[in-house]
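Open the model in your viewer and keep the sequence panel beside it. The tour goes from one selection to the next and says what is there.

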Amino acid sequence: MNDILQLIIDIASTPALLVALIAVLGLLLQGKGTSDVVKGGVKTFVGFLVLTTGAGAVEQSLIPFGEMFQQAFNMQGVVPNNEAIVAVALNEFGTTTALIMLLGMVFNILIARFTKFKYIFLTGHHTLYMACMIAVILAVVGFNTMPLIILGGITLGIIMTLSPAIVQPYMRQLTGKDQVALGHFSAVTYALSGFIGSKIGNKSKSTEDINFPKGLGFLRDSTVSIAITMAIIYLVVALFAGGEYITENLSDGVNHIMFAIQQAGTFAAGVFVILAGVRLILAEIVPAFKGISQKLVPNAKPALDCPVVFTYAPNAVLIGFFASFVGGIVSMLAMVVIGSVIILPGVVPHFFVGATAGVMGNASGGIKGSVVGAFINGIVISLLPALLLPVLGDLGFAGSTFSDGDFAVSGLFLGVLGQYGGQIAVIVGIIAVLAAMFGLTIFSKNKENLKS
């Protein structure tokens, strides 16, 4: 039994395999032949591996950048990083997290089937992270064993369904369609960036229409512009960090200038691979998902990881990253001044979340929307993790915390209810959100009936 459970957990926590199986299921439900099913499943699987390989390259190049930044500017504090905090938490909450994750995926399908929120969340690693945070907070509140797992599964299913719904209006604006959703737990800041862009910007002046001087025409190529820009940033930070520190601690003896250039090139290569993987996935998953939409969850939309939006505005990806990182630095300096806990700007979340916020801001407000929306995103994903720390119990002192907006909002919702109202308040709060989702569904159906 344990072996079967472990196999299910391994499949559920491996995004490439999970999404490939979803594609296969969709094709089978459409009655496709063996050739189409095999081709669709394999290409989706490979596409996701291409995407994750690119994301891994970007992340590996950003890790030394973060260490160089801390050394260069002598900053100590809490680093928001989902992988780091989850690695600590799983030592105590591993089994509970796995069961909440599996139950959450079931509830996601059920909620999507019976409400107006037709989103199937397919980003496996974020599902795992959210399940882990829910397990920690509910345990701090006092839940244990079966009540913790069932309540945690329901909570996770709600979040998996609501998160894509929050940002979908801006996904429709970005893609011009309503076929794919965003499955990444920072929907609150993505939607905020899109909203800010719509209010202050002009979407006709896109980041992708930036006119470079003739002599700088090579910057129109996103790979070239990303590589050159990141090389400059890496070199500046490397010079401040010092060659001795880098050669002794990070580069295995390689000259610090060469190391900085190499990491910048690795970053650009990773982004290039990500974009290739996204194109491959979208070409397969959207047609395959029609089977699930037609049979299991009518009109369902696959909610995919944030790099799925990068192909729509590569310039906004880079602009969003920089603007978000600057927002993180501004927040950090403000925390130093007021003497609160210091949230250091985590380079990995500022890239993936900031880039996505930049794309959303650009879709609704052009260049200005991209810059301001991502900058505000950087501030919010610095302040929210600081507020989240007290509700994480002993885990709040682990030197890291959850980085993305939805983690903080969901965690604060559960944690504050638990602190001030106890277990009953948490149960009532979760049931109230679920009831509201069904209530909105009934209201929407009645409204449609009146129109017809």
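Predicted model: local features only at pLDDT ≥ 70, side-chain atom pairs only at ≥ 80, totals over all residues.

Select helix H3 (34-73), which gives the most to a nonpolar patch, with 5 residues. Helices here are DSSP runs of H or I with at least four residues, numbered from the N terminus. Residues are numbered from 1 along each chain as its sequence is written, and side-chain values use heavy atoms, with hydrogens and water left out.

Now show Leu-17, Leu-21, Val-38, Val-42, Phe-45, Val-46 and Leu-49: together these patch residues have about 520 Å² of accessible area on the surface. Leu-49 lies in H3 and is partly exposed, because its relative accessibility is 38% (buried is under 20%, exposed over 50%, partly exposed in between, with a 1.4 Å probe and protein chains only).

Next, select helix H13, residues 405-451. Its 47 residues have end C-alpha atoms only 37 Å apart, whereas a straight helix would reach 69 Å at 1.5 Å a residue. Where does H13 bend? Go to Gly-421, where the bend is about 135° (the angle between axes fitted to the seven residues ending there and the seven starting there).

Last, select Cys-132 and Cys-306. The count of disulfides (cysteine sulfur pairs within 2.5 Å) is 0. The two sulfurs are 20 Å apart, too far for a bond. Cys-132 is buried at 0% relative accessible area, and Cys-306 is buried at 1%.

Notes. Helix = DSSP H or I, 4+ residues; strand = E, 2+ residues; numbered from the N terminus. Expected span 1.5 Å × (residues − 1). Patch = residues over 30% accessible without salt bridge, like charges linked within 9 Å, V, L, I, M, F, W, Y side chains within 5 Å. Areas by Shrake-Rupley, 256 points an atom, 1.4 Å probe, with all protein chains shown as cover. Salt bridge = Lys/Arg side-chain N within 4 Å of Asp/Glu carboxyl O.
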